[in-house]
Amino acid sequence: LDEKLENSLDEKLENKTMSTLGEKGSQTQVLLYYKYTEIKDPLSMTLWQDTLCRCLNITGRIRVAKEGINGTVAGTQRALEIYKRGMYVHPILQMEEDAFKSS
């Protein structure tokens, strides 16, 4: 593709994928975490995670098992802060700040 067309496509893609949680030009951040804890119903936890991530326009991989949860997710700083708050207050997870690593 020529440079003008490529820049135009990049701009359209950026505008189309901008979340209401981030301003234009917001940089995507990555958040990694894990917690070993008993999850009696991994399917319910998976559905909750899917809903939370879709609402916040967060992408990545999250593994949920009866033994715990492990994730690598990406989104705007604001979206990831809201996501972490949800993880802190979830009655099963009750995650702590030091469980998260960001880059």
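Exposed means over 50% relative accessible area, and buried means under 20%. The views below are taken from a predicted model.

**View 1. Helix H3 (77-89) and its two sides.**
On one side of H3, Arg85 and Val89 are exposed. The buried residues of H3 are Ala79, Leu80, Tyr83, Lys84, Gly86 and Met87. From first C-alpha to last, the 13 residues of H3 reach 19 Å, close to the 18 Å expected at 1.5 Å a residue.

**View 2. The ring pair of Tyr33 and Tyr83.**
The whole structure holds 4 aromatic pairs. In one of them, the ring centres of Tyr33 and Tyr83 are 6.1 Å apart and the planes stand at 50°, so the pair is tilted. Tyr33 belongs to strand S1 and Tyr83 to helix H3, so that distant parts of the chain, 50 residues apart, are linked by this pair. Tyr33 counts as buried at 3% relative accessibility, and Tyr83 is buried with a relative accessible area of 0%.

**View 3. The ring pair of Tyr88 and Phe100, with Lys84.**
The centres of the Tyr88 and Phe100 rings are 5.9 Å apart with the planes at 80°, so this pair is edge-to-face. Tyr88 lies in helix H3 and Phe100 in strand S4, so the pair ties together parts 12 residues apart in sequence. Tyr88 is partly exposed, its relative accessible area being 24%, whereas Phe100 is buried at 7%. Lys84 lies over the face of Phe100, 5.8 Å from the ring centre. Through ring pairs, Tyr88 and Phe100 form a cluster with Tyr33 and Tyr83.

**View 4. Tyr33 and the largest nonpolar core.**
The largest nonpolar core has 18 residues. Tyr33, Ile58, Tyr83 and Met87 are those with the most contacts inside this core. S1, H2, S3 and H3 each supply at least two of the core's residues. Leaving out residues up to four places away in sequence, Tyr33 touches Gln49, Ile62, Ile69, Asn70, Gly71, Val73, Tyr83, Met87, Met95, Ala99 and Phe100. In soluble globular proteins, nonpolar side chains tend to be buried together.

**View 5. His90 in the loop between helix H3 and strand S4 (100-102).**
His90 counts as buried, at 13% relative accessibility. Apart from neighbours within four places in sequence, His90 is in contact with Met45 and Trp48.

**View 6. Asn57 and Gln94, two residues with positive phi.**
Asn57 lies in the loop between H2 and S2. Its phi is near 60°, a positive value in a residue other than glycine. Asn57 counts as partly exposed at 41% relative accessibility. Gln94 is found in the loop between H3 and S4. Although Gln94 is not a glycine, its phi is positive, at about 40°. Gln94 counts as partly exposed at 46% relative accessibility.

Key
Residues numbered from 1 in each chain as written. Predicted model: local features only at pLDDT ≥ 70, side-chain atom pairs only at ≥ 80, totals over all residues. Heavy atoms only, no water. Helix = DSSP H or I, 4+ residues; strand = E, 2+ residues; numbered from the N terminus. Buried < 20%, exposed > 50% of the residue type's maximum accessible area, 1.4 Å probe, protein only. Contact = heavy atoms within 4.5 Å. Expected span 1.5 Å × (residues − 1). Phe/Tyr/Trp six-rings, centres within 6.5 Å; stacked < 30°, edge-to-face > 60°. Lys NZ or Arg CZ within 6 Å of the ring centre and 35° of its normal. Core = buried A, V, L, I, M, F, W, Y, C linked by side-chain atoms within 4.5 Å.
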